[in-house]
Amino acid sequence: MSNNMQDSPKAFPNAFDKQTSGRRRMMQLVAVLVASAIVGAGLYLMLGNESMSESPDEVSEEVVESGVEAVDMGLSVRWASCNVGAETPAEVGGYYAWGDSQEHATFGWRDAKSYNRKYPTTLTSDVDIATITMGEGWRMPTEEEFLELIEKCEWREAERDGCYGFEVVAPNENTLFLPAAGYKHDTTLYHDGLEALYWSASAVADNDNKRAKALQASNHERSLQEHYRYYGAQVRAVRD
(Lines give C-alpha, C1' and ligand atoms only; values in the text may rest on other atoms or scores of the structure.)
Protein backbone atom coordinates (compact mmCIF):
# COMPACT_ATOMS: atom_id res chain seq x y z
CA MET A 1 0.00 0.00 0.00
CA SER A 2 1.39 3.39 -0.90
CA ASN A 3 1.96 6.07 1.75
CA ASN A 4 1.59 8.80 -0.85
CA MET A 5 -0.48 11.75 0.39
CA GLN A 6 -2.59 11.44 -2.70
CA ASP A 7 -3.74 8.00 -1.54
CA SER A 8 -4.71 9.13 2.01
CA PRO A 9 -8.33 10.07 2.75
CA LYS A 10 -8.89 13.75 2.05
CA ALA A 11 -10.62 16.08 4.49
CA PHE A 12 -13.97 17.55 3.38
CA PRO A 13 -12.78 20.14 0.89
CA ASN A 14 -14.59 23.20 2.50
CA ALA A 15 -15.48 21.99 5.99
CA PHE A 16 -14.18 25.20 7.63
CA ASP A 17 -16.17 27.34 5.20
CA LYS A 18 -19.34 25.36 5.97
CA GLN A 19 -18.80 25.72 9.74
CA THR A 20 -18.30 29.44 9.31
CA SER A 21 -21.45 29.65 7.16
CA GLY A 22 -23.40 27.66 9.78
CA ARG A 23 -22.33 29.99 12.56
CA ARG A 24 -23.29 32.97 10.42
CA ARG A 25 -26.77 31.56 9.80
CA MET A 26 -27.15 30.77 13.51
CA MET A 27 -26.19 34.32 14.45
CA GLN A 28 -28.65 35.69 11.88
CA LEU A 29 -31.42 33.49 13.32
CA VAL A 30 -30.64 34.69 16.84
CA ALA A 31 -30.72 38.30 15.64
CA VAL A 32 -34.12 37.74 14.01
CA LEU A 33 -35.51 36.14 17.18
CA VAL A 34 -34.22 39.00 19.34
CA ALA A 35 -35.71 41.59 16.98
CA SER A 36 -39.05 39.76 16.99
CA ALA A 37 -39.04 39.70 20.79
CA ILE A 38 -38.38 43.45 20.93
CA VAL A 39 -41.20 44.21 18.47
CA GLY A 40 -43.56 41.90 20.38
CA ALA A 41 -42.74 43.61 23.67
CA GLY A 42 -43.38 47.00 22.09
CA LEU A 43 -46.79 45.89 20.81
CA TYR A 44 -47.67 44.43 24.22
CA LEU A 45 -46.80 47.68 25.99
CA MET A 46 -48.71 49.76 23.43
CA LEU A 47 -51.84 47.61 23.68
CA GLY A 48 -51.51 47.50 27.45
CA ASN A 49 -51.43 51.30 27.64
CA GLU A 50 -54.52 51.53 25.43
CA SER A 51 -56.44 49.11 27.65
CA MET A 52 -55.29 50.97 30.77
CA SER A 53 -56.72 54.21 29.35
CA GLU A 54 -60.13 52.59 29.37
CA SER A 55 -59.87 51.29 32.94
CA PRO A 56 -62.53 52.20 35.59
CA ASP A 57 -59.86 54.02 37.63
CA GLU A 58 -59.34 56.58 34.87
CA VAL A 59 -63.11 56.99 34.48
CA SER A 60 -63.20 57.82 38.20
CA GLU A 61 -60.46 60.41 37.71
CA GLU A 62 -62.52 62.05 34.96
CA VAL A 63 -65.47 62.21 37.33
CA VAL A 64 -63.31 63.99 39.92
CA GLU A 65 -61.94 66.37 37.27
CA SER A 66 -65.49 67.26 36.22
CA GLY A 67 -65.98 68.85 39.64
CA VAL A 68 -68.64 66.40 40.84
CA GLU A 69 -67.44 64.33 43.75
CA ALA A 70 -69.01 60.99 44.67
CA VAL A 71 -69.46 61.37 48.43
CA ASP A 72 -69.26 58.22 50.54
CA MET A 73 -72.04 58.53 53.12
CA GLY A 74 -71.49 55.03 54.45
CA LEU A 75 -74.72 53.92 52.75
CA SER A 76 -75.50 51.58 49.86
CA VAL A 77 -74.58 54.19 47.20
CA ARG A 78 -72.35 57.26 46.90
CA TRP A 79 -74.04 60.63 46.43
CA ALA A 80 -73.08 63.44 44.06
CA SER A 81 -71.72 66.52 45.80
CA CYS A 82 -74.06 68.84 43.85
CA ASN A 83 -77.30 68.81 41.89
CA VAL A 84 -77.61 67.82 38.25
CA GLY A 85 -76.94 70.97 36.23
CA ALA A 86 -74.91 72.59 39.05
CA GLU A 87 -71.16 72.97 39.51
CA THR A 88 -71.04 73.58 43.27
CA PRO A 89 -73.15 72.33 46.21
CA ALA A 90 -74.68 75.78 46.74
CA GLU A 91 -75.99 76.03 43.16
CA VAL A 92 -79.55 74.93 42.48
CA GLY A 93 -78.92 73.35 39.09
CA GLY A 94 -81.73 72.47 36.71
CA TYR A 95 -85.44 71.82 37.14
CA TYR A 96 -86.62 68.65 35.41
CA ALA A 97 -89.88 66.83 34.86
CA TRP A 98 -89.75 63.17 35.85
CA GLY A 99 -88.49 60.96 33.01
CA ASP A 100 -87.62 63.86 30.68
CA SER A 101 -84.21 64.03 29.05
CA GLN A 102 -83.80 67.81 29.16
CA GLU A 103 -84.88 70.90 31.07
CA HIS A 104 -87.97 72.80 29.89
CA ALA A 105 -89.14 76.40 30.18
CA THR A 106 -92.65 75.38 31.28
CA PHE A 107 -93.87 72.49 33.41
CA GLY A 108 -97.45 71.58 32.55
CA TRP A 109 -98.96 68.21 31.78
CA ARG A 110 -98.62 68.85 28.04
CA ASP A 111 -94.87 69.46 28.41
CA ALA A 112 -93.85 66.25 30.19
CA LYS A 113 -93.13 63.26 27.97
CA SER A 114 -93.78 60.79 30.79
CA TYR A 115 -97.12 62.16 31.97
CA ASN A 116 -99.96 59.69 31.44
CA ARG A 117 -97.62 57.36 29.53
CA LYS A 118 -96.32 53.97 30.56
CA TYR A 119 -92.70 54.26 31.71
CA PRO A 120 -90.42 51.77 33.51
CA THR A 121 -91.15 51.34 37.22
CA THR A 122 -87.54 52.46 37.75
CA LEU A 123 -86.18 54.86 35.14
CA THR A 124 -83.69 53.33 32.70
CA SER A 125 -80.53 55.12 31.55
CA ASP A 126 -82.07 56.42 28.30
CA VAL A 127 -84.65 58.46 30.26
CA ASP A 128 -82.57 59.14 33.39
CA ILE A 129 -81.51 62.80 33.36
CA ALA A 130 -78.58 62.10 35.74
CA THR A 131 -77.06 59.54 33.36
CA ILE A 132 -77.79 61.68 30.30
CA THR A 133 -76.26 64.83 31.82
CA MET A 134 -73.43 63.48 33.96
CA GLY A 135 -72.44 60.33 32.10
CA GLU A 136 -72.26 56.59 32.60
CA GLY A 137 -72.14 55.45 36.22
CA TRP A 138 -74.34 58.27 37.50
CA ARG A 139 -78.10 57.77 37.89
CA MET A 140 -81.13 59.01 39.81
CA PRO A 141 -81.61 57.46 43.27
CA THR A 142 -84.40 54.99 43.89
CA GLU A 143 -87.12 55.43 46.48
CA GLU A 144 -85.27 53.01 48.80
CA GLU A 145 -81.99 54.93 48.51
CA PHE A 146 -83.72 58.20 49.44
CA LEU A 147 -85.35 56.51 52.44
CA GLU A 148 -81.91 55.34 53.52
CA LEU A 149 -80.64 58.94 53.34
CA ILE A 150 -83.63 60.15 55.38
CA GLU A 151 -83.57 57.46 58.07
CA LYS A 152 -79.84 56.93 58.60
CA CYS A 153 -78.56 60.51 58.43
CA GLU A 154 -78.99 63.62 60.53
CA TRP A 155 -80.65 66.59 58.80
CA ARG A 156 -79.94 70.21 59.72
CA GLU A 157 -81.08 73.53 58.30
CA ALA A 158 -78.09 75.27 56.76
CA GLU A 159 -77.00 78.05 54.41
CA ARG A 160 -74.14 78.07 51.92
CA ASP A 161 -73.15 81.09 49.88
CA GLY A 162 -76.56 82.66 50.44
CA CYS A 163 -78.44 79.49 49.47
CA TYR A 164 -80.81 78.03 52.10
CA GLY A 165 -81.04 74.27 52.31
CA PHE A 166 -80.25 71.20 54.36
CA GLU A 167 -76.99 69.73 55.55
CA VAL A 168 -77.23 65.94 55.63
CA VAL A 169 -74.72 64.38 58.02
CA ALA A 170 -73.90 60.70 57.50
CA PRO A 171 -73.01 58.17 60.22
CA ASN A 172 -69.37 58.43 59.02
CA GLU A 173 -69.64 62.26 59.42
CA ASN A 174 -69.40 63.02 55.70
CA THR A 175 -71.96 65.59 54.55
CA LEU A 176 -74.15 66.65 51.66
CA PHE A 177 -75.80 70.01 51.08
CA LEU A 178 -79.22 69.98 49.42
CA PRO A 179 -80.52 73.40 48.31
CA ALA A 180 -84.16 74.08 49.18
CA ALA A 181 -85.11 75.51 45.79
CA GLY A 182 -88.80 74.58 45.64
CA TYR A 183 -90.44 73.30 42.47
CA LYS A 184 -91.94 74.64 39.24
CA HIS A 185 -95.47 74.31 37.90
CA ASP A 186 -96.14 75.90 34.51
CA THR A 187 -93.77 78.89 34.67
CA THR A 188 -94.12 79.63 38.40
CA LEU A 189 -91.55 78.73 41.05
CA TYR A 190 -93.08 77.66 44.36
CA HIS A 191 -91.55 77.41 47.88
CA ASP A 192 -88.09 78.59 46.85
CA GLY A 193 -85.98 78.92 50.00
CA LEU A 194 -88.53 76.99 52.05
CA GLU A 195 -88.73 73.47 50.70
CA ALA A 196 -86.72 70.98 48.65
CA LEU A 197 -88.20 68.62 46.06
CA TYR A 198 -85.92 65.97 44.51
CA TRP A 199 -87.09 63.35 42.04
CA SER A 200 -86.35 59.69 42.63
CA ALA A 201 -86.13 57.18 39.77
CA SER A 202 -89.20 55.35 41.12
CA ALA A 203 -92.66 55.60 39.61
CA VAL A 204 -95.83 55.24 41.68
CA ALA A 205 -96.86 51.62 41.30
CA ASP A 206 -100.57 52.15 40.71
CA ASN A 207 -100.57 52.07 36.89
CA ASP A 208 -102.06 55.55 36.50
CA ASN A 209 -98.81 56.69 34.80
CA LYS A 210 -99.19 60.21 36.16
CA ARG A 211 -97.10 60.34 39.35
CA ALA A 212 -93.66 59.46 40.68
CA LYS A 213 -91.90 59.45 44.05
CA ALA A 214 -89.90 62.46 45.20
CA LEU A 215 -88.01 63.48 48.33
CA GLN A 216 -89.84 66.39 49.95
CA ALA A 217 -87.88 68.22 52.65
CA SER A 218 -88.76 71.20 54.83
CA ASN A 219 -87.59 72.44 58.23
CA HIS A 220 -90.01 70.07 59.99
CA GLU A 221 -90.31 67.01 57.72
CA ARG A 222 -88.39 64.78 55.32
CA SER A 223 -90.36 62.13 53.48
CA LEU A 224 -91.06 60.42 50.16
CA GLN A 225 -94.19 61.80 48.52
CA GLU A 226 -96.10 61.25 45.28
CA HIS A 227 -96.06 64.15 42.82
CA TYR A 228 -97.27 64.69 39.29
CA ARG A 229 -94.54 63.84 36.82
CA TYR A 230 -94.75 67.19 35.05
CA TYR A 231 -93.58 69.20 38.08
CA GLY A 232 -90.11 70.71 37.70
CA ALA A 233 -87.91 69.47 40.55
CA GLN A 234 -84.21 69.05 41.30
CA VAL A 235 -82.21 65.85 40.81
CA ARG A 236 -79.31 64.60 42.94
CA ALA A 237 -77.40 61.74 41.34
CA VAL A 238 -75.86 58.63 42.90
CA ARG A 239 -73.21 56.05 41.96
CA ASP A 240 -73.05 52.37 42.90
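**Exercises on a strand sheet, cysteines and backbone angles**

β4 and β5 (residues 163–169) are paired in the antiparallel sense, over 7 bridges. The model is predicted: local features need pLDDT of at least 70, side-chain atom pairs count only at pLDDT 80 or more, and totals for chains, interfaces and linings use all residues. Residues are numbered from 1 along each chain as its sequence is written, and side-chain values use heavy atoms, with hydrogens and water left out.

**Exercise 1.** State the strand order of the open sheet and find its edges.

Solution. Step 1: strands are DSSP runs (E, at least two residues), numbered from the N terminus, and two of them pair if DSSP finds at least two bridges between them. Step 2: the open sheet has 3 strands in the order β4-β5-β6, with antiparallel pairing. Step 3: β4 (154–160) and β6 (175–179) each have a single partner strand, so one side of each lacks a neighbour in the sheet.

**Exercise 2.** Count the disulfides and classify C153 and C163 by burial.

Solution. Step 1: a disulfide is a pair of cysteine sulfur atoms within 2.5 Å; the count by this rule is 0. Step 2: buried means under 20% relative accessible area, exposed over 50%, partly exposed in between (1.4 Å probe, protein chains only). Step 3: C153 has 10% and is buried; C163, at 12%, is also buried.

**Exercise 3.** Locate N116 and N209 and give their phi values.

Solution. Step 1: N116 lies in the loop between β2 (78–80) and α3 (129–134); its phi is positive, near 60°, though it is not glycine. Step 2: N116 is partly exposed at 47% relative accessibility. Step 3: N209, in the loop between β9 (196–203) and β10 (211–217), is likewise not a glycine and has a positive phi of about 60°.

Methods:
Helix = DSSP H or I, 4+ residues; strand = E, 2+ residues; numbered from the N terminus.
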